[in-house]
Protein chains: 2
Amino acid sequence: MLKFDEQKQIDSVNGALALRPQIEEIVGKICAEGYRNICWLGIGGTWASCLQAEVHMKEMSALDFFVENAAEYITTGNKRVGKGTIVILSSVTGSTIEMVEAVKKAQADGAKVFGYIDKETAALAEMVDYCISYPANEQLKFFMTADAFMKNAGEFPEYDAFYAEMDQYLAKGLVEVEKAADDFAQAYAEKHCEDQIHYFVGAGNQYGATYSYAMCYWEEQHWIRTKSIHSAEFFHGMLEIVDKNTPVTVFMSEDSQRKLSERVAAFLPKVCANYTIIDTKDYAMAGISEKFRGHISHLVMHAVTNRIDVHIERINCHPMPIRRYYRQFDY
Amino acid sequence: MLKFDEQKQIDSVNGALALRPQIEEIVGKICAEGYRNICWLGIGGTWASCLQAEVHMKEMSALDFFVENAAEYITTGNKRVGKGTIVILSSVTGSTIEMVEAVKKAQADGAKVFGYIDKETAALAEMVDYCISYPANEQLKFFMTADAFMKNAGEFPEYDAFYAEMDQYLAKGLVEVEKAADDFAQAYAEKHCEDQIHYFVGAGNQYGATYSYAMCYWEEQHWIRTKSIHSAEFFHGMLEIVDKNTPVTVFMSEDSQRKLSERVAAFLPKVCANYTIIDTKDYAMAGISEKFRGHISHLVMHAVTNRIDVHIERINCHPMPIRRYYRQFDY
């Protein structure tokens, strides 16, 4: 398989899962000291990951939490961010200007900041109150953090059972998904690599991934135009521009909002001949209980889209790290 | 001017402003009884209006408020909605299935519902706890409601001064905007009526309008493909697919997030030769104080886009009330 290092990927996921004692210690300390609310802070792809953590928590938790976009926060402010607020964020480079400014402002407003900063020497790593530096696996790190807060609040009684399965089966399960998805991914990439625009539809803890896959992968890295839309919103406008040839992909997850995407999947065949349904249910994930599949279906989808990316990159002869404009000049 | 009934539009806006004593009475009663939080509830265009009310309040208020999408609420739920929650919504038809179900669930969860239901005989009008029936002007009704809550909380000391100006100048000002914008709107419609895709960018209390203008007007009513993006998010992916010929329109408002859109407006000329900046600052709004312009710049923009719609509808020979699929069959 092209660009596939099975052991490296297993080690990466298991390394992220192994952060759990550190996460539990930080969250335990925060809970022991007391806090008022949780602010998931991001921009672009990291904002999208915040949306995923938010919907995951919304399903399970009565804690006071919300998502804030870093650029909006530094312009409009947010009176809910202050003393007693725990800001949680992730940054690969640790130097995104909006994030650096937002952390300064949040701390000035009285909040404490818990940051996953991949690069431990970055400016942000120095600034945050609690820091964990470990590469990649952003969504897993966020969900582990959300789960630790919910466990502390007595809202996740199956926490230990869930993570026992994760520790044992997640990493291996995800590489098996990549293998199982590869033929599909290649055919899909061949079919859609020259789309003039591609529509991605998703819901629940998959919505943030739908948004970021469209924008941060196809637009930013493949330079293919996309629109992403929430499955619920699809029926309130976007449906009108779908015709026989419109390329539409629905990301089907297994959480509570699955039925919103099922509605789109049932509608499309009536008006469109160029749609694709990617359903995480089609992938085994040996060892993971049925009841926990919803919690991780965004990771399963990510394993599938990983393979699509590898093939599009090759077919389009367009290396994904190249940027036209991003950080290429001052703007 | 095509499809322009000045007096009718003036009467429509003034009629909405005249709802203020009713709104103040309902909000006063709610505040006297006490409430825990405010949930702005919508789907599609009405969800977008909720986003506008949210960012307006975020700038001014420490009240506990949030936005919920009706379809997400009826699938995932939201533990913050319960006893002490005031759900605020708007519905033109009063029959949108997701909204009806969401109101039932919110009331079952213990919340009270304050609905603007245009059609007073609709199912929703019967169901809500507080109802005002008055056609159109959704955003104005929402902002008046938000303002009444903030006034009650002592967060809007200039409330009386602001509404004295609104009552006297808003309606007339908005029709003058339509007149001033008409030539631009016609030229813009002629240039973009056959776009394969059009990008709309906006921020602040204009972001919801950007989202709904793209989806609920161009997609749903003109059948022209669009993508909308928040000005802050533009720089985290979408910028890469802009080239010389890409049609991009930036909605510039006058609230705190104006600078996020200014950044996009400054960037575009470097990479694109097919962009348009629509800036509410270019429209007079006689009698409205400078300090209040941010509060109403989404209404100014709406007056401009009204004129664009009239011209696109004529040029494209496509009556806006026609739907391809929406409510045309079961789905």
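Start by selecting A:R20 and A:E24: both sit in helix α2 of chain A, four residues apart, about one turn of the helix. Helices here are DSSP runs of H or I of at least four residues, and strands are E runs of at least two, numbered from the N terminus. Show the two side chains. A:R20 and A:E24 form a salt bridge, with the closest N and O atoms 3.1 Å apart. The term means a side-chain nitrogen of Lys or Arg within 4 Å of a carboxyl oxygen of Asp or Glu. Over all chains, the count comes to 46 salt bridges.

A word on the model. It is predicted: local features need pLDDT of at least 70, side-chain atom pairs count only at pLDDT 80 or more, and totals for chains, interfaces and linings use all residues. Residues are numbered from 1 along each chain as its sequence is written, chains are lettered from A and ligands numbered from 1 in the order in which they are written, and side-chain values use heavy atoms, without hydrogens and water.

**Two domains of chain A**

Colour residues 6–152 of chain A as domain 1 and 159–315 as domain 2. These bounds come from an automatic or database domain assignment. The domain centres, taken over C-alpha atoms, are 24 Å apart. Where they touch, domain 1 of chain A gives 25 residues and domain 2 of chain A gives 29. Contact means heavy atoms within 4.5 Å.

Now pick A:K179 and A:E6. Their side chains meet in a salt bridge at 3.1 Å, N to O. Three salt bridges are counted between domain 1 and domain 2 of chain A. On the domain 1 side, select α1 (6–17), α2 (20–33), α3 (45–60) and α7 (138–152) of chain A, the elements that give two or more residues. α3(A) gives the most, with nine residues.

**Across to chain B**

Show both chains. Here 64 residues of chain B are in contact with 64 residues of chain A. The buried area is about 5,700 Å², of which carbon and sulfur atoms give 53%. Buried area is the accessible area (1.4 Å probe) that two parts lose on being put together, summed over both.

Zoom in on A:K227 and B:E219. They form a salt bridge, the closest N and O atoms being 2.9 Å apart. Eight salt bridges are counted between chain B and chain A. Next, select the elements of chain B that give two or more residues to the side touching chain A, among them β2 (65–69), α9 (207–219) and α11 (258–271). The largest share, six residues, comes from α11(B).
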